[in-house]
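Have a look at the fold below and turn it around a few times. Then we'll walk through some of its details together.

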Amino acid sequence: MQSAHELSDKLLGPMKNIVGKHETAIRPLLGGGETAARAALQNDEAIRKVAVFCYPLLPGLLRLAVKEPVFVNFVMNNRERVLASLVGRE
């Protein structure tokens with residue numbers, strides 16, 4: 001079984017790619033602009049919506065290995081790193 005750190009490493013890259021490609025669809029889930037996105041980082045429901053939106057966009061093999069609840073938990077716990085590009089913090 002993989003450690004949480006190994007799983008995080010495997011999910012972070014694909015998630016950043018999804019956020020980059022679908023930024024215009026994800027920003028409204030966080031309230032719009034960069035300022036709203038920063039505030040949304042503290043809103044669990046907004047982050048959960050982003051995770052649920054992004055899960056089907058993961059590569060198929062990754063979705064087979066990582067079930068949606070695990071992925072949502074990953075995004076919730078790593079929201080700052082995962083959504084850095086949306087809030088201007090690279």
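Helix H4 has a cap on its N-terminal end, and Asn 43 provides it: a side-chain oxygen of Asn 43 sits 3.0 Å from the backbone nitrogen of Glu 45. Keep in mind that this is a predicted model.

H4 itself covers residues 44-54, and its buried residues are Ala 46, Ile 47, Val 50, Ala 51 and Cys 54. Looking down the axis of H4, you'd find these buried residues within an arc of 140°, so they line one face of the helix.

Now for Arg 79, which belongs to helix H7 (residues 79-82). Is Arg 79 buried or exposed? Its relative accessible area is 13%, and buried means under 20%, so Arg 79 counts as buried. Leaving aside residues up to four places away in sequence, Arg 79 touches Leu 41, Gln 42, Asn 43, Asp 44 and Ile 47.

On to the aromatic rings. How many aromatic pairs are there? The count comes to two, and here they are:

| Pair | Distance between ring centres | Angle between planes | Type |
|---|---|---|---|
| Tyr 55 and Phe 71 | 5.6 Å | 50° | tilted |
| Phe 71 and Phe 74 | 6.4 Å | 35° | tilted |

What does the pair of Tyr 55 and Phe 71 tie together? Tyr 55 is in the loop between H4 and helix H5 (60-65), while Phe 71 is in helix H6 (residues 68-77), so the pair links parts that are 16 residues apart in sequence. Phe 71 and Phe 74, on the other hand, both lie in H6, three residues apart, which is about one turn of the helix.

Put together, Tyr 55, Phe 71 and Phe 74 make one aromatic cluster. Tyr 55 is buried, at 11% relative accessible area, and Phe 71 is buried at 0%. Phe 74 is buried as well.

For a contrast, take a look at Lys 21 in helix H1 (residues 4-21). Lys 21 has a relative accessibility of 69%, and exposed means over 50%, so Lys 21 counts as exposed. From Lys 21 to Val 52 the distance is 16 Å, C-alpha to C-alpha, with the two 31 residues apart in sequence.

Technical notes. Residues are numbered from 1 along each chain as its sequence is written. This is a predicted model: local features need pLDDT of at least 70, side-chain atom pairs count only at pLDDT 80 or more; totals for chains, interfaces and linings use all residues. Side-chain values use heavy atoms; hydrogens and water are left out. Helices (H or I, at least four residues) and strands (E, at least two) are DSSP runs, numbered from the N terminus. Buried means under 20% relative accessible area, exposed over 50%, partly exposed in between (1.4 Å probe, protein chains only). Contact means heavy atoms within 4.5 Å. The arc is that of the directions from the helix axis to the C-beta atoms. A polar contact is a pair of N or O atoms within 3.5 Å; within protein, one must be able to donate a hydrogen and the other to accept it, and residues adjacent in sequence count only if both atoms are side-chain atoms. Rings of Phe, Tyr and Trp (its six-membered ring) pair if their centres lie within 6.5 Å; planes under 30 degrees apart count as stacked, over 60 as edge-to-face and the rest as tilted.
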